Amino acid sequence: MSRAIRTTGAALVGLTAVVALSGCELGESVAEKANGHIKTVRYATGAEGKNNADARLPGWVPDQATSVTEAVRTTGTERILRFTAPGAQLPPGCAPGPAATAAATLTAGWWPHGQESRTDRVCDQDWHVLVEGDAVYAFRPETIEQPPNGG
């Protein structure tokens, strides 16, 4: 066997081991950012997300919600969430309320900058929510002091 084939084979075995040991499902990824650990999860439905014990969606998210994406700070409580829910009917626990006063430090391509300041409902006492057509955006502020280096 040639040296190039052995090297390529060893690289593939190593890559396979890294993927197998990572423990990440296809729909989730973990990334380290300067401001802390962030886990991004994606689900086909709200019901699927509520069944994920590692990053469970809040109970107020409709089971029928689709295209669910959430960024979660694993070292704290901050979360940003977006899903699609045609004719979104939020449960009674979601009431008109003030916009979030804290700015989101989590960012994502699907989260419009400053969206948390536009929210007009509060769900479960700590989720600030905005419904725009079929899209629902939600922000849960950080309640745990984060070290400046994200440690």
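1. Two strands pair if DSSP finds at least two bridges between them. Strands themselves are DSSP runs of E, at least two residues long, while helices are runs of H or I of at least four; both are numbered from the N terminus. In this model, Glu70 has Leu81 in strand 4 as its bridge partner.

2. A word on the source. This is a predicted model, in which local features need pLDDT of at least 70 and side-chain atom pairs count only at pLDDT 80 or more, while totals for chains, interfaces and linings use all residues. Residues are numbered from 1 along each chain as its sequence is written, and side-chain values use heavy atoms, with hydrogens and water left out.

3. Now the overall layout. The protein chain has two helices and eight strands. Read from the N terminus, the order is α-β-β-α-β-β-β-β-β-β.

4. Which strands does strand 4 pair with? Strand 3 (residues 66-73) and strand 4 (residues 79-84) run antiparallel, joined by five bridges. A hairpin of five residues connects strand 3 to strand 4. Strand 4 also runs antiparallel to strand 8 (residues 135-140), with six bridges between them. Here Thr84 has Ala135 in strand 8 as its bridge partner.

5. Next, the aromatic rings. A pair of aromatic rings is described by the distance of the centres and the angle of the planes. Rings of Phe, Tyr and Trp (its six-membered ring) pair if their centres lie within 6.5 Å; planes under 30 degrees apart count as stacked, over 60 as edge-to-face and the rest as tilted. The structure holds four such pairs. In one of them, the ring centres of Trp110 and Trp111 are 6.4 Å apart and the planes stand at 90°, so this pair is edge-to-face. Trp111 also pairs with Tyr137: the centres are 5.9 Å apart and the planes at 70°, so this pair is edge-to-face. That pair links distant parts of the chain, 26 residues apart: Trp111 is in the loop between strand 5 (94-96) and strand 6 (121-123), and Tyr137 is in strand 8.

6. Are these three residues buried or exposed? Buried means under 20% relative accessible area, exposed over 50%, and partly exposed in between (1.4 Å probe, protein chains only). Trp110 has 19% relative accessibility, so Trp110 counts as buried. Trp111 is buried at 6%, and Tyr137 is buried at 8%. Across the protein chain, buried residues make up 36% of the 151 residues.

7. One further group deserves a look. Trp60, Phe83 and Trp127 form one aromatic cluster.
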